[in-house]
Amino acid sequence: EQFSVHGILNHFIVLGGTFPAIFRGEEVPTTEPLPQDGHVPAAECREILDELLDAVRAPGAMERTVSTPVGDMPGSAFASFIAFDVAVHGWDLERSTGLRFELPPEVVAAVDEFARAALQPEMRDGDTFKDETTPPGGATRLDRLAAFTGRSV
């Protein structure tokens, strides 16, 4: 509930803009929040995502230990956290804007499996995650993942 559409985009672009450096083991750059003028820098967002994909796909990126905002972990685990974040916030944006957000079923399945193993009860603080909700019958797997994080589906 704390994220507006602007807040989610800021989260993706500002925080996400640090992830390529994290995967490469470089110093994390300082980034500025998005201006509140309503402009969404789509080209900048695409550039950040492309750079992130390049960093994740670099030789050794999944095996190396990376220092992340939530502690040191294998690159593969951090990549899974990022996929989880993108899937759920992508769902948030779809619900908030009416724009379509789709992920391949195998990606949703892998993210869902990761989330159910990674999301611990103490993380359900009402801020980061809430208690799991019950999705309606016929909910998609992505809807069920969103419900697992405490979102109303």
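What radius of gyration would a compact globule with 153 residues have, and what does the protein chain have? A compact globule of that length would come out near 15 Å, and the protein chain has 16 Å, which agrees. Keep in mind that this is a predicted model.

Some overall figures next. Taken along the principal axes, the box filled by the C-alpha atoms is roughly 45 × 40 × 30 Å. The chain has six helices and two strands. If you read along the sequence, the pattern is α-α-α-β-β-α-α-α. Take the contacts between residues at least 6 apart in sequence: 60% of them join residues at least 24 apart.

Now the surface. The accessible surface is about 9,100 Å², and carbon and sulfur atoms account for 54% of that. Of the 153 residues, 37% count as buried. As for charge, there are 12 positive and 25 negative side chains, and the centres of the two sets are 7 Å apart.

On to the interior. In soluble globular proteins, nonpolar side chains tend to be buried together. In this model, the largest nonpolar core has 15 residues, and Phe-84, Ala-115 and Leu-145 are among those with the most contacts inside it. The elements that give two or more residues to this core are α4, α5 and α6. Of these, α5 gives the most, with five residues. Take Ala-115 as an example: leaving aside neighbours within four places in sequence, Ala-115 is in contact with Phe-84, Leu-145 and Phe-148. Another core, of eleven residues, lies apart from the largest one, and its members include Ala-55, Ala-61, Val-66 and Ala-79.

Last, one pair of residues. Where is Arg-151 found? Arg-151 is in the segment after α6, which covers 141–148. Is Arg-151 buried or exposed? The cut-off for buried is under 20% relative accessible area. Arg-151 has 18% relative accessibility, so Arg-151 counts as buried.

Which residues does Arg-151 touch, not counting those up to four places away in sequence? They are Val-88, His-89, Trp-91, Asp-92, Thr-133 and Ala-146. Ala-77, for its part, is 74 residues from Arg-151 along the chain, and their C-alpha atoms are separated by 23 Å.

From that contact list, pick out Asp-92. Asp-92 is found in helix α4, residues 75–97. Asp-92 counts as buried because its relative accessibility is 13%. Beyond its neighbours within four places in sequence, Asp-92 is in contact with Ile-8 and Arg-151.

Methods
Residues are numbered from 1 along each chain as its sequence is written. This is a predicted model: local features need pLDDT of at least 70, side-chain atom pairs count only at pLDDT 80 or more; totals for chains, interfaces and linings use all residues. Side-chain values use heavy atoms; hydrogens and water are left out. Helices (H or I, at least four residues) and strands (E, at least two) are DSSP runs, numbered from the N terminus. Buried means under 20% relative accessible area, exposed over 50%, partly exposed in between (1.4 Å probe, protein chains only). Contact means heavy atoms within 4.5 Å. The radius of gyration is taken over C-alpha atoms; the globule rule is 2.2 Å times the number of residues to the power 0.38. Accessible areas come from the Shrake-Rupley method with a 1.4 Å probe; for residues, only the protein chains shown count as cover. Lys and Arg count as positive and Asp and Glu as negative; His and the chain ends are not counted. The place of a charge is taken as NZ of Lys, CZ of Arg, CG of Asp or CD of Glu. A nonpolar core is a set of buried Ala, Val, Leu, Ile, Met, Phe, Trp, Tyr and Cys residues joined through side-chain atoms within 4.5 Å.
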